[in-house]
Amino acid sequence: MPRLARLLWSVGLACAIAGGATLGLAALWRAIGGGALTIHGWIAMGLGILGTVGLSWVLMSLAFRSDREGWDDRVDNSLDPGREENRSKDDDDLID
């Protein structure tokens with residue numbers, strides 16, 4: 001599947017999920033005794049859900065890309081103070 005088609009499909013899916021979640025939450029709001037939503041309430045809730053779905057989509061795609069391309073493997077952890085080989089005898093005395 002071409003890259004643009006995959007992107008459009010993903011954006012459409014995110015919008016569909018946000019729309020379904022918005023309608024579901026509005027129904028739940030009415031079921032627990034909340035008032036009817038105004039147009040501003042619908043817009044705010046829809047944008048909030050779409051933003052949340054979009055942010056999680058972007059963060060998960062970055063995590064998958066990092067895993068596939070090995071970005072985490074290239075990190076130099078030699079200066080990490082929590083590593084065992086960087087601890088001195090004095091640090092062990094502080095822990096006990």
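Reply: Helices here are DSSP runs of H or I with at least four residues, numbered from the N terminus, and the expected span of a helix is 1.5 Å times one less than its number of residues. This is a predicted model, in which local features need pLDDT of at least 70 and side-chain atom pairs count only at pLDDT 80 or more, while totals for chains, interfaces and linings use all residues. Residues are numbered from 1 along each chain as its sequence is written, and side-chain values use heavy atoms, leaving out hydrogens and water.

Me: How far does helix 2 reach from its first C-alpha to its last?
Reply: Helix 2, residues 39-69, has 31 residues and reaches 44 Å, close to the 45 Å expected. Gly 70 follows helix 2, with a positive phi near 75°.

Me: Which residues of helix 2 are buried?
Reply: Met 45, Gly 46, Ile 49, Val 53 and Ser 66 are buried, where buried means under 20% relative accessible area with a 1.4 Å probe, protein chains only. Helix 1 (3-31) is included in what covers them.

Me: And what makes up the largest nonpolar core?
Reply: That core, a set of buried Ala, Val, Leu, Ile, Met, Phe, Trp, Tyr and Cys residues joined through side-chain atoms within 4.5 Å, consists of Ala 14, Ala 18, Ala 26, Met 45, Ile 49 and Val 53. Helix 1 and helix 2 are the elements that each give two or more residues to this core.

Me: What is Ala 26 in contact with?
Reply: Leaving aside neighbours within four places in sequence, Ala 26 is in contact with Leu 37, Trp 42 and Met 45, contact being heavy atoms within 4.5 Å.

Terms used. Buried means under 20% relative accessible area, exposed over 50%, partly exposed in between (1.4 Å probe, protein chains only).
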